[in-house]
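Dear colleague,

Please find below the structure that I am handing over to you.

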Amino acid sequence: RDDVSDWSSDVCSSDLVTLEGFQPLPFMSLNTTLGFVGGMLGCGELKSVLMTPVGMLMGMANIYGQMGAEFFTGMQPADGHQLLVGAHVWGLPGLYGGVKCAAEWTREVVVAEELQSQCSITAAVTRPYLSNDGSPGVPSYSLAVCHRPNAESTLAVQYEGGGKGAGKEAAPAGVLTLAAARQLSEAQRLKARWNTQGLLALALEQAGQKHMLSFIGEVDTSPNATGLSPKFGVNLQLGL
């Protein structure tokens, strides 16, 4: 998996010893977590944050050999415009790992300290060294455009290509995804999503003070489908 920062904490018991915010240098911060099971060390993780003149560098390692590092930096070429560039490296030496590089440009229109509209373009390339099953990794890439013309509406387009196909065959054709969301009222939001693999989904969300109720419907619109194969569901989230 490419996100190893939470893995060791999943197996830690409630007997934890932590050291947070230790600064051996003014521009460096270290956080250490040790978990004990039956009086013996069961897990351990070290996270570091290093501020450099050109950006922020974060690292992670645990006692199981998993390691990761992430670097990102940004600039504001003009008022309301922001450019972020970053890279993420992860892996378990000798087993699996990879690197991901991404760049995002964002333009915001703010009036009287309130966000009026926003547009962003994100490009990313991922190159796994080995997949979790041990097979050679195949590079993948994505390009996404997200536009919020106002506070109530959101439109998004994403294209994904590369990656491993079925079994060990060549990578499949790219997938284009279209998504939209509309705030109908303070408590209701309508979402829609479609991709070139044939999935068309609609969701109506009803939010309360301590709950979120979603009505979801899906149909198969691919050319090879024998029918729409409609599916419906309800999702309820409660908060305390």
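Predicted model: local features only at pLDDT ≥ 70, side-chain atom pairs only at ≥ 80, totals over all residues.

**The chain as a whole**

The protein chain contains one helix and 15 strands. Of its 240 residues, 19% count as buried. Its accessible surface comes to about 15600 Å², and carbon and sulfur atoms account for 61% of that area. Among the contacts in the chain with a separation of 6 or more, 24% are between residues 24 or more positions apart.

**Salt bridges**

Two salt bridges are present in the structure.

One of them joins the side chains of glutamate 205 and lysine 191, with an N to O distance of 3.2 Å. Glutamate 205 belongs to strand β13, whereas lysine 191 belongs to strand β12 (residues 188-195), so the pair ties together parts that are 14 residues apart in sequence. The two partners may also be described by their accessibility. Glutamate 205 is buried, because its relative accessible area is 15%, and the cut-off for buried is under 20%. Lysine 191, with a relative accessible area of 34%, is partly exposed.

In the other salt bridge, the side chains of glutamate 45 and lysine 47 meet at 3.8 Å, N to O. Glutamate 45 has a relative accessibility of 10% and therefore counts as buried. Lysine 47 stands at 33% and so counts as partly exposed.

**A nonpolar surface patch**

Seen from the surface, Ile121, Leu143, Val145, Val157, Leu178, Trp194 and Leu200 make a nonpolar patch of about 500 Å². One of these residues, leucine 200, is found in strand β13, which covers residues 199-207. Glutamate 205, described above, lies in strand β13 as well. Leucine 200 has a relative accessibility of 31%, which means that it counts as partly exposed.

Threonine 177 lies in strand β11, made up of residues 175-183. Is this residue buried or exposed? Threonine 177 counts as buried, because its relative accessibility is 9%.

Leaving aside residues up to four places away in sequence, threonine 177 touches Ala156, Val157, Gln158, Arg193, Trp194 and Asn195. Val157 and Trp194, which are among these contacts, are also among the residues that make the nonpolar patch.

With kind regards

Key: Residues numbered from 1 in each chain as written. Heavy atoms only, no water. Patch = residues over 30% accessible without salt bridge, like charges linked within 9 Å, V, L, I, M, F, W, Y side chains within 5 Å. Areas by Shrake-Rupley, 256 points an atom, 1.4 Å probe, with all protein chains shown as cover. Salt bridge = Lys/Arg side-chain N within 4 Å of Asp/Glu carboxyl O. Helix = DSSP H or I, 4+ residues; strand = E, 2+ residues; numbered from the N terminus. Buried < 20%, exposed > 50% of the residue type's maximum accessible area, 1.4 Å probe, protein only. Contact = heavy atoms within 4.5 Å.
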